[in-house]
Amino acid sequence: MKILLTGGLGFVGKTLTKGFLAAGHQVTAVDLAGRSPFALSGYEYVPGDTTRPGLWQQALSSCDCCVNLAGISIFRRWNAYAKKAIYDSRILTTRRVAEAIPQDRPFTLLSTSAAGFYGFHGAEELTEEDGPGSDFLAHVCVDWEREAGAAEEKGARVVRTRFGVVLGKRGGALAAMRRPFSLGLGGPLGSGSQYFPWVHEKDLLRIFLFLLAKTDIRGPVNCTSPLSVTNREFARALGRALRRPAVLPAPATAVRLLLGEFGDSLLHGQRVAPRKLLNAGFTFSYPELSQALGDLLAP
């Protein structure tokens, strides 16, 4: 299968690229101008701004599948400029992707969304049947998924992959957290009672390969571990894995002061269950957090 990845040079993009190539697929990665990280058979890098029409859309039109990952990181203080960039990078890219999808043959769009779709529900377990929240991230996700729906009007199979926090060995949130926790400066955020949806990078790859093969799956799919943990439980597990104390909480007032509205998102979280994947027969290699961290933090 010929697969195009938007955001192909990002942490998740590189992880999926390596896995897709190993599975025998051809990969075209699209991202802003940068150096291609791979020189492998079956791989092509096309520089391009996916929020704008461009030659990269011609590459997409010759593919069988698009994995739509593009979007700037939300891990920053949110001001009006940052919120616009977060929104536009996702909505405009997905709009451009849908425009370029061919109408005359089968096509699959695996379009990223996020667990933040559901908003804030405390300890309530959330599945693909639940509706959206009303905060900024939920609003972004709703519009993001709506833009992907334009591809359905062309006859494409569209899967909206709602990510939890992807834990990886060489990037993402875990890399950012590892240093302070290694220094004994880690701990829960606020009360620590908020849920932390997560998934191991290897399971995320396996989810995507599963979705490519299971052509009857459409619509939203929660891409999170089936065993939810609170932020406090995550901090303790990471501390144990690094053999460091993890008892220094970040007070809620300090989190809000430092990160503004984004801080509120970190202080709430979601308890998300991957019901559709489990019902379809998918099995996780790393369902338990301690097992996942043991693998990711191994030398």
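Residues are numbered from 1 along each chain as its sequence is written, and side-chain values use heavy atoms, without hydrogens or water. In this predicted model, local features need pLDDT of at least 70 and side-chain atom pairs count only at pLDDT 80 or more, while totals for chains, interfaces and linings use all residues.

**View 1. The largest nonpolar core has 33 residues.** Such a core is a set of buried Ala, Val, Leu, Ile, Met, Phe, Trp, Tyr and Cys residues joined through side-chain atoms within 4.5 Å. Leu-16, Phe-20 and Val-67 have the most contacts inside this core. At least two core residues come from each of β1 (2–6), α1 (11–22), β2 (26–31), β3 (43–47), β4 (65–68), β7 (157–163), α6 (201–213) and β11 (219–223). Helix α6 gives the most, seven residues. Helices (H or I, at least four residues) and strands (E, at least two) are DSSP runs, numbered from the N terminus.

**View 2. Phe-20 and its contacts.** Contact means heavy atoms within 4.5 Å. Beyond neighbours within four places in sequence, Phe-20 touches Ile-3, Leu-5, His-25, Val-27, Val-67, Leu-205, Phe-208, Leu-209 and Leu-212.

**View 3. Pro-188 lies in the loop between α5 and β9.** Is Pro-188 buried or exposed? Pro-188 counts as buried because its relative accessibility is 10%. Buried means under 20% relative accessible area, exposed over 50%, and partly exposed in between (1.4 Å probe, protein chains only). Leaving aside neighbours within four places in sequence, Pro-188 is in contact with Asn-231, Arg-232, Ala-235, Ala-246, Leu-248, Pro-249 and Ala-250. The loop between α5 (172–182) and β9 (195–196) also holds Leu-183. Leu-183 has 54% relative accessibility, so this residue counts as exposed.

**View 4. Helix α9 (residues 261–268) and its buried residues.** Phe-262, Gly-263, Ser-265 and Leu-267 are buried. The buried residues of α9 pack against α4 (136–152) and α8 (252–259).

**View 5. Cysteines without disulfides.** A disulfide is a pair of cysteine sulfur atoms within 2.5 Å. Zero are found in a search of the whole structure. Cys-141 is in no disulfide either; its nearest cysteine sulfur, in Cys-223, is 12 Å away. Cys-65 counts as buried at 0% relative accessibility, and Cys-141 is buried at 2% relative accessible area.
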